[in-house]
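Me: I've got a protein model open and I'd like to go through it with you, one question at a time. Can you walk me through it?

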Amino acid sequence: MSATEKTVVISNPQGLHARPAELFARLALQFDSDIEVIRDSHRVDAKSILHVLTLGAAQGTELTLQATGADAEAALEALVRLVESDFATDETMSQGSSG
Amino acid sequence: MKFIDFVSREAIRTTIDVDNKEQVIRSMATALLESGKIAEDEQESIVEAILKREELGSTGIGRGVAVPHTKHPSVSELVGTVAVSEEGVDFDSLDGEKVHLLFLLVSPPDRPGDHLRALENISRQLRDETFCRFLKQSKTPDDVWQLLEEADNNQFV
C-alpha cells in the first residue's frame with residue numbers, strides 16, 4: 001500500500017514541545033495506520049511522544065506526515081488540523097482529548 | 001543543547017524514596033534548592049506550577065521516562081536535574097509504564113527555544129536503549145553524570 005502524505009508548518013510560538021507532542025501522539029494512536037513524521041531526513045514514529053520530541057520542531061518548522069493504512073487519509077487530516085489549530089489550546093488546555 | 005548545559009550535577013538524585021508523582025517532583029525541587037539553583041521562597045510556587053502542568057497531561061513520555069517541567073519567572077536560565085527511581089513511580093504515562101527516570105526542567109518564560117532544545121536532546125538521547133537502560137541502572141549521581149557526559153560526547157548515538 002502506498003503512503004499518503006501531507007505537509008504542515010508548526011506555527012505556535014512555543015514549538016512542538018511536550019504538551020503538543022503528547023496531543024499529537026495521542027491523536028495518532030487513535031488510528032490504525034502507520035504514521036511517520038519527517039523533518040528533513042529525520043523520520044520518526046508519530047505515535048511516540050519520545051520520537052516526536054526528537055524533531056525539536058520550533059515555530060516555522062515544516063514537517064511532512066506520512067501514513068500507510070486503511071484510515072491514512074483520516075489520520076493525516078486530523079493531525080494536520082491539530083497542528084494548524086496551534087494544538088487547539090496550547091498553554092491554556094482545559095478540554096478533554098475525546099476527539 | 002547538551003545535558004551539561006542544563007543539568008545541575010549537584011542536584012542529581014539516585015536514592016529517592018517516593019510513592020507518587022507529587023513526592024518525586026517535590027524531592028527533585030528540593031534537590032535544586034539544595035544545589036542553589038532555585039530560591040527557597042520560590043520553591044513551593046515552582047512545585048505548584050509543575051504539578052499544575054501535570055494536570056494538563058502527564059509528562060511521562062514513554063520508555064519509563066518523564067520530563068516534569070514548568071516556566072517560572074524566578075529563574076534566569078534553564079535549570080534542570082535528573083532523578084532515578086529503582087522502584088518506579090506511577091506517572092499516568094501514555095504507555096502506562098511506571099517512570100524510572102525523570103528530567104525536571106524549570107525555564108524562564110521568555111526562552112521557549114532553550115526548553116525545546118533541552119526536550120529534543122533528552123528525547124533524542126533516550127531513544128538509544130543502551131543509554132536509557134544504563135541511566136535507569138545508575139546507583140549514584142556520579143554514575144548519572146558520567147553517562148550524561150558520554151552522551152554529550154556522542155558516545156551513544
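Me: Leaving aside neighbours within four places in sequence, which residues is Val65(B) in contact with?
Reply: This is a predicted model, so keep that in mind as we go. Val65(B) has its place in strand S2 of chain B, residues 65–66. With neighbours within four places set aside, its contacts are Thr59(B), Gly60(B), Val99(B), Leu101(B), Phe103(B), Leu126(B) and Cys132(B).

Me: Is Val65(B) buried or exposed?
Reply: A residue counts as buried under 20% relative accessible area. Val65(B) has a value of 0%, so it is buried.

Me: How far apart in space are Val65(B) and Gln23(B), C-alpha to C-alpha?
Reply: Along the sequence, 42 residues separate Val65(B) and Gln23(B). In space, going C-alpha to C-alpha, the distance is 16 Å.

Me: Which residues have the most contacts inside the largest nonpolar core?
Reply: Nonpolar side chains tend to be buried together in soluble globular proteins. Here the largest nonpolar core has 59 residues, and those with the most contacts inside it are Phe103(B), Leu126(B) and Leu148(B).

Me: Which helix gives the most to this core?
Reply: The core in question is the largest nonpolar one, with 59 residues. The top contributor gives 8 residues, and that's helix H3 of chain A, residues 72–84.

Me: What does Leu148(B) touch, leaving aside its neighbours within four places in sequence?
Reply: Leu148(B) is one of the residues with the most contacts inside the largest core. Skipping those sequence neighbours, its contacts are Phe3(B), Val7(B), Ile12(B), Val82(B), Phe103(B), Phe131(B) and Leu135(B).

Me: Why is strand S4 of chain A largely enclosed by the rest of the structure?
Reply: S4(A) covers residues 62–68. It pairs with strand S1 of chain A in the antiparallel sense over 6 bridges, and Glu5(A) stands opposite Gln66(A) there. Strand S2 of chain A also runs antiparallel to S4(A), joined by 5 bridges, with Ile38(A) opposite Thr64(A).

Me: At roughly what angle do the axes of helices H2 and H3 of chain B cross?
Reply: H2(B) spans residues 21–34 and H3(B) spans residues 43–56. H2(B) passes H3(B) in a right-handed crossing. Their axes come within 10 Å, and the angle is roughly 145°.

Methods: Residues numbered from 1 in each chain as written. Chains lettered and ligands numbered in written order. Predicted model: local features only at pLDDT ≥ 70, side-chain atom pairs only at ≥ 80, totals over all residues. Heavy atoms only, no water. Axes fitted to C-alpha atoms, helices over the stretch in contact; angles between N-to-C directions. Helix = DSSP H or I, 4+ residues; strand = E, 2+ residues; numbered from the N terminus. Left-handed = near helix turned anticlockwise from the far one by under 90°. Core = buried A, V, L, I, M, F, W, Y, C linked by side-chain atoms within 4.5 Å. Buried < 20%, exposed > 50% of the residue type's maximum accessible area, 1.4 Å probe, protein only. Contact = heavy atoms within 4.5 Å. Pairing = 2+ DSSP bridges.
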